[in-house]
Structures are given as structure tokens and as C-alpha cells.
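Me: Please examine the aromatic rings of the following structure with me, by question and answer.

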Amino acid sequence: MKFQGSENYVATQDLMLAVNAAITLKRPLLVKGEPGTGKTMLAEEVAQALDMPLLQWHIKSTTKAQQGLYEYDAVSRLRDSQLNTSDSAERVKDIRNYIVQGVLWQAFTADRPVALLIDEIDKADIEFPNDLLRELDRMEFYCYETRELIKARHRPLVFITSNNEKELPDAFLRRCFFHYIKFPDADTMKQIVDVHFPGLKSELLTVAMKTFYDVRNLPGLKKKPSTSELIDWLKLLMAEDIPLEALQNADNKVSIPPLVGALLKNEQDTTLFEKLVFMNQRNR
């Protein structure tokens, strides 16, 4: 079972090696990189390429590790016990009726190997990764309410993404294979764009790419535009039928591109960019 890329996802050689290394080692693949570099999409494409069902667990700041295992719905059980009907009385007798299985439980008990995405793990509190150490390492956990040990029938292929918002514990990192998705160079970016817009004119792509990297390389930006923002911008340029002349600058000076709001996402960066354009215009 090896990942060799897909038609819908441009994977570099080192990324494919990382995926296959995690498969060989039977360890979670921890993927870091700038937002918008395709970390979440990687899990989706690998699962599709390897013909594996994909279970997704999108982490929030309030997410607790226990939710990935199971949750006991005590409120529903109490409500059913107060109904005084034969059906509710029968239902209350079996506590399993009030156990809500989390994604880890579903992955462990699946009839076939699955891919499991734990998305943006760095959004949760610092104890979240530590609380999952045993479960991800031993592929088992204990349900105290039903007094049963849930063991993985098949080891899932685990993808864990992080935007580097906070550091992850060393003990957790030791159990993962790590890969950092570098921002694509121009050649790789052209391949990515070609997947989304196969019929895009080469002249428009060349000029748009130059403008994009000029904006991205401006010093002092709070948030640099990412791959997803380039795709959105190109989609708008095509939808609005923006002429090539609007993107080109005869003397190669920095200018404000049309629909720049697709690339710059806060007022600080927009103001900085406008100041730089003004300074360039004065120096002509």
C-alpha cells in the first residue's frame, strides 16, 4: 500500500515519501505548514487514492480528547427513565443505548482499514495531545460505562494537521512521523493551478503568478497569501474577465492588482501594500 499522488492533488516527492514512511512505520503522520497549503486535502486524496474510507475529526478550542473516544449521554438516559413507558424502561436498562461513539471508536471498530484525519490539533488546549498518547500508541481504550476494552481491528492510517499555533508535547511528537509542507515554488504552483484550471491561458498564468509572488514576498506582511488564495484570485480574474493589461506594469513597478482582497485579508497588510505602491510611484 503506497501513495503515488493523485490527479487532483500535486504531491511532491518528499511528501509522498513521508506518507509512505508513516504507513510503513504504522505511526500517525503529523503534517505542518502554512494555512492553505493542502494539509487537510492531503488526507482526503490519500484516502481516495488508497481506496480507504475517511473519518474526519475537526478540532476546536473546546474539543476534548474524550469526545474522540466516546461520550455518555446521561441526560437522555435520565429523561427516558422519567417517561414511564415500556419502551423507555427497556431502553434504560442497557447503558450502551446512551454511548455516543467518537471517531476513534468508529475507526477502531471498522470492518476495514480506514484513514483518520485529526485536523488542526493545535487549536485544542495543551493537554489534548497528551490525552491521546495511549490510544494512538496502543490502538485501544477502555469504556468504563460498558466495562469493555475497545481494540482496533485494523490500525487506521492517521493524519494529524497543525498550523503551528502552539507547540505540541515532545512525548506526542515522538509517536509521529513529521513532515512540513513547504510553500510551493513557481513550477510546483503551476502544476497545482493546472489541476484547478486546465484551460488557463499561459500568458494570464505567467503574469498572475508574478503578481502573486510579488505580493507574497513583500516584507512585513502579517498574513502572506497562500495557495488557496491564489486559486480564489484566479477564479475571480476569470469570472470577471479581467484583461491582461490590468495585471501588467510596463516598468515592472509594484502596483495594486485588481481584486486584491482575494490575496490580502487584513487592513494592516492592505495599508502596507498601498504605502509601498505609493512610494514606488513617487520614485518613477
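Me: Is Tyr 70 buried or exposed, by its relative accessibility?
Reply: This is a predicted model, in which local features need pLDDT of at least 70 and side-chain atom pairs count only at pLDDT 80 or more, while totals for chains, interfaces and linings use all residues. Residues are numbered from 1 along each chain as its sequence is written, and side-chain values use heavy atoms, without hydrogens and water. Buried means under 20% relative accessible area, exposed over 50% and partly exposed in between, with a 1.4 Å probe and protein chains only. Since the relative accessibility of Tyr 70 is 4%, this residue counts as buried.

Me: How are the rings of Tyr 70 and Phe 141 arranged?
Reply: Rings of Phe, Tyr and Trp (its six-membered ring) pair if their centres lie within 6.5 Å; planes under 30 degrees apart count as stacked, over 60 as edge-to-face and the rest as tilted. The centres of Tyr 70 and Phe 141 are 6.3 Å apart and their planes stand at 20 degrees, so the pair is stacked.

Me: How many residues apart in sequence are the parts that Tyr 70 and Phe 141 tie together?
Reply: Strands (E, at least two residues) and helices (H or I, at least four) are DSSP runs, numbered from the N terminus. Tyr 70 belongs to strand E3 and Phe 141 to strand E6 (residues 140-143), so the parts tied together are separated in sequence by 71 residues.

Me: Which residues do ring pairs link into a cluster with Tyr 70?
Reply: The structure holds nine aromatic pairs. One of them, Tyr 70 with Trp 105, is edge-to-face, at 5.9 Å centre to centre and 85 degrees between the planes. Ring pairs link Tyr 70 into a cluster with Trp 105, Phe 108 and Phe 141.
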